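Here is a quick tour of a few spots worth a look. Have the viewer open and follow along.

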Amino acid sequence: MRSYLSARTFHTKIKDHTSATFPITAGVAQGSVLGPILFFLYTSDLPTTNYTTTGTFADDTAILVSHDDPSTATHYLQDHLVLLQEWLHKWRIKINAAKSVQITFTLRKGQCPPVYMNDTKLPVGNSTKYLGMHLDHKLNWKEHIVKKRKQMALKVKELYWLIGRKSPLSLENKLLLYKSIMKPIWTYGIEIWGCAIKASQAILQKAPIIHTSIDD
């Protein structure tokens, strides 16, 4: 353990230029097997409250509050952020408030009052991306589906020399490429966004790019 955490150094390389070497005074080696385990142990006492739900995956953290009154919801969320701020200070973890986002999921007009962290107002948005899912404030999933269609189009363009009409690749192998590389793009999280209205689902169902790999 001592050899893993001690005497570590790093340098930065941009094209043909390399910086000087500096010591790593905090953190663990990136890409290591032991790193995630140590991170989970380090953050195992992340503060929680009775009025909020905390979701964590690696270094991505979401704090959820549900209440009919927007002001009360913000109050509960702010209390949790105060506890989190104290915890971060205690364990010397820095957080970039500007890269965080506060979003109100509702079909009503208006939003919850803003919350603050380290005396910095968290940005307020109408959508956010969490674990590969694009969550809009109405949760109608249209934004997620549109982005997945664009992602599919880029992947089709990248693989067209293999899956296009002029490719000598067999239909069987084209289907294999589609199922292993392209299909996971739009099916990811379908257990959640599959409840979207038919008009939104049709954005993918009617997309010609979906049939490109098997239309030979």
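Is G55 buried, partly exposed or exposed? With a relative accessibility of 25%, G55 counts as partly exposed, because buried would need a value under 20% and exposed one over 50%. Keep in mind as you look around that this is a predicted model.

Strand β5 covers residues 53-57 and runs antiparallel to strand β6, residues 60-64, with 5 bridges joining the two. Across the pairing, G55 faces A62 in β6. Leaving out residues up to four places away in sequence, G55 touches D60, T61, A62 and Y130.

As a rule, most residues other than glycine have a negative phi. You'll find N118 in the loop between β7 (116-117) and β8 (120-121). N118 has a relative accessible area of 41%, so it is partly exposed.

W141 also has a positive phi, near 70 degrees. W141 is in the loop between β10 (133-136) and α4 (142-163). Where N118 is partly exposed, W141 is buried, at a relative accessible area of 6%.

## α4 against α5

For α4 and helix α5 (residues 171-187), the angle is about 160 degrees and the axes are 10 Å apart. An angle over 145 degrees counts as roughly antiparallel, and α4 and α5 are therefore roughly antiparallel to each other. The crossing of α4 and α5 is right-handed.

Which residues of α4 meet α5? On the α4 side they are K148, Q151, M152, K155, V156, L159, L162 and I163. Their partners in α5 are K174, L177, Y178, I181, M182, I185 and W186. Sorted by class, the residues of this contact come out as 11 nonpolar, 1 polar and 3 charged.

## The loop from α4 to α5

Between these two helices there is a loop, and S167 is in it. Is S167 buried or exposed? S167 is buried, with a relative accessible area of 9%, because anything under 20% counts as buried. Apart from residues up to four places away in sequence, S167 touches W161, L162 and K174. Two of those names, L162 and K174, have come up already, in the contact of α4 with α5.

## α4 against α7

Helix α4 has another partner in helix α7 (residues 198-205). What angle do α4 and α7 cross at? Roughly 5 degrees, with the axes coming within 9 Å. An angle under 35 degrees counts as roughly parallel, and α4 and α7 are therefore roughly parallel to each other.

From α4, the residues involved are K142, I145, V146 and R149. They meet S200, Q201, I203 and L204 in α7. This contact has 4 nonpolar, 2 polar and 2 charged residues.

So α4 lies roughly antiparallel to α5 and roughly parallel to α7.

Notes: Residues numbered from 1 in each chain as written. Predicted model: local features only at pLDDT ≥ 70, side-chain atom pairs only at ≥ 80, totals over all residues. Heavy atoms only, no water. Helix = DSSP H or I, 4+ residues; strand = E, 2+ residues; numbered from the N terminus. Buried < 20%, exposed > 50% of the residue type's maximum accessible area, 1.4 Å probe, protein only. Axes fitted to C-alpha atoms, helices over the stretch in contact; angles between N-to-C directions. Parallel < 35°, antiparallel > 145°, perpendicular 65-115°, else oblique. Left-handed = near helix turned anticlockwise from the far one by under 90°. Contact = heavy atoms within 4.5 Å. Nonpolar A, V, L, I, M, F, W, Y, C, P; charged D, E, K, R; others polar. Pairing = 2+ DSSP bridges.
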